[in-house]
Amino acid sequence: MAGDGYPESDDETDSDETPHVSGGDPDSAEQQHFLEVCYSFLEYGTDAFHDLGRMQETVQSLDKEDMAMWKVPPVPWYTEIQRRVQVNLEFLRMLPNPEVCGADLGNDEDAWKLVSTVPAGHRVASRNSSKVRSTLRQFVRDWAKEGHAERMASYNPLISALLKHLPPKGLGRAPSVLVPGCGLARLPFDLVRLGYAAQGNEFSYHMLLGTHLILNRSEKAECFNIFPFALTLANRKGRWDHLRCVQIPDVCPMLALDPSAQLSMAAGEFVEVYKRQEAAWDAMATCFFLDTAKNVFLYIRTIAHIVRRDGIWTNIGPLLYHYADVPNEMSIELSWEEVRPYVCKYFDILEEESRVARYTGNAEGLSSNRYNCIFFVAKRNGKPAEGHSNPVF
């Protein structure tokens with residue numbers, strides 16, 4: 001899809017390499033996809049050092065007068081970037097974990113070997129390499145102090161809407177809230193801390209592996225160091241801005257949540273995972289999610305099907321449309337004027353306004369992706385969800 005700072009789909013690959021799995025196994029496609037993602041984390045160094053080589057060649061092409069004006073010794077400059085790339089690589093090597101795979105990878109020993117060993121000659125898809133870098137930036141958005149402003153703009157309106165229209169103590173039990181397309185799961189985590197029973201749903205294995213690390217293997221706050229902007233030289237204000245360290249997570253989930261906290265994750269494509277859960281949810285919180293649909297009508301119908309009568313749906317996000325620029329993929333790209341009546345078929349809109357939000361931006365950079373988002377809060381009416389859409393996958 002267009003735009004560097006917005007979620008990308010993981011279902012396309014330009015790699016011709018096949019991981020070492022049984023071709024006759026019905027789960028082989030799932031295994032292959034999962035391993036491709038694992039290998040993209042492990043091969044971050046190869047991708048990064050390719051860029052470093054290009055940077056080095058560019059610097060070496062400068063004449064002496066230009067070098068004198070720059071006033072930066074090229075070798076130490078290159079070395080400092082290289083050191084940070086190495087730190088990123090060591091961090092990313094912790095992400096592959098067979099427990100996250102939706103298919104059987106064999107016994108523990110074989111599974112761990114499979115996810116941690118890149119086959120000889122394997123080539124990572126360029127799309128997956130890009131997703132690794134965007135995952136590093138997503139850690140900043142969801143789990144760093146530096147991402148606080150983004151979270152306030154994107155997550156806080158949804159949290160405030162739920163607290164107003166579906167307070168956590170109003171039902172005599174923890175209201176159930178589904179957060180599809182939850183990225184690295186910060187929004188469901190924050191909702192659980194407020195007393196909700198929240199489930200995050202995510203399709204991307206890059207996000208799911210990152211979430212597993214943060215939720216299950218972070219022993220304390222700020223236990224990991226990353227350098228998400230090390231290779232981003234454009235739009236810097238300060239000479240060394242790209243070299244700054246970001247510490248994650250800003251809060252340790254294992255310490256912050258009570259053992260009785262009701263936080264869960266469900267992996268898979270939203271419609272396929274939830275299409276049979278009629279009236280099962282008290283609320284839906286969608287953040288930068290609606291336009292990840294190939295057919296937005298299918299998403300809205302599914303949401304109407306799974307949210308109980310008088311349940312709450314709160315949404316914030318643009319209509320950029322995830323698949324708009326993906327070759328050979330269907331993408332129905334409607335305006336809010338066209339989408340709104342279908343939302344109103346099943347929901348009564350209680351609040352609606354335009355909000356500005358950013359996505360995985362560099363807070364200290366000279367540019368960022370700024371979105372004029374549709375924010376609304378709606379209550380499920382009594383009309384049964386009806387009709388069906390043609391398959392999109």
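In this predicted model, the axes of helix α6 (residues 126–143) and helix α10 (residues 205–217) come within 10 Å of each other and cross at roughly 40°. That angle makes α6 oblique to α10, and the crossing in which α6 passes α10 is right-handed. On the α6 side the contact involves Asn128, Lys131, Val132, Thr135, Gln138, Phe139 and Trp143, which meet His206, Met207, Gly210, Ile214 and Leu215 of α10.

Helix α6 itself has 18 residues and reaches 26 Å from its first C-alpha to its last, close to the 26 Å expected at 1.5 Å a residue. This helix is mostly covered, with 16 of its 18 residues buried.

Most residues other than glycine have a negative phi, and most peptide bonds are trans. Against that background, the peptide bond from isoleucine 248 to proline 249 is cis, with omega near -15°, and proline 249 is found in the loop between β4 (246–248) and α11 (253–256).

Two residues other than glycine have a positive phi: lysine 71, near 65°, and phenylalanine 288, at about 50°. Lysine 71 lies in the loop between α3 (64–70) and α4 (74–92), while phenylalanine 288 lies in the loop between β6 (281–287) and α13 (296–306). Is each of these side chains' residues buried or exposed? Lysine 71 is exposed, because its relative accessible area of 65% is over the 50% cut-off, whereas phenylalanine 288, at 3% relative accessibility, counts as buried.

Note on methods: Residues numbered from 1 in each chain as written. Predicted model: local features only at pLDDT ≥ 70, side-chain atom pairs only at ≥ 80, totals over all residues. Heavy atoms only, no water. Axes fitted to C-alpha atoms, helices over the stretch in contact; angles between N-to-C directions. Helix = DSSP H or I, 4+ residues; strand = E, 2+ residues; numbered from the N terminus. Parallel < 35°, antiparallel > 145°, perpendicular 65-115°, else oblique. Left-handed = near helix turned anticlockwise from the far one by under 90°. Contact = heavy atoms within 4.5 Å. Expected span 1.5 Å × (residues − 1). Buried < 20%, exposed > 50% of the residue type's maximum accessible area, 1.4 Å probe, protein only.
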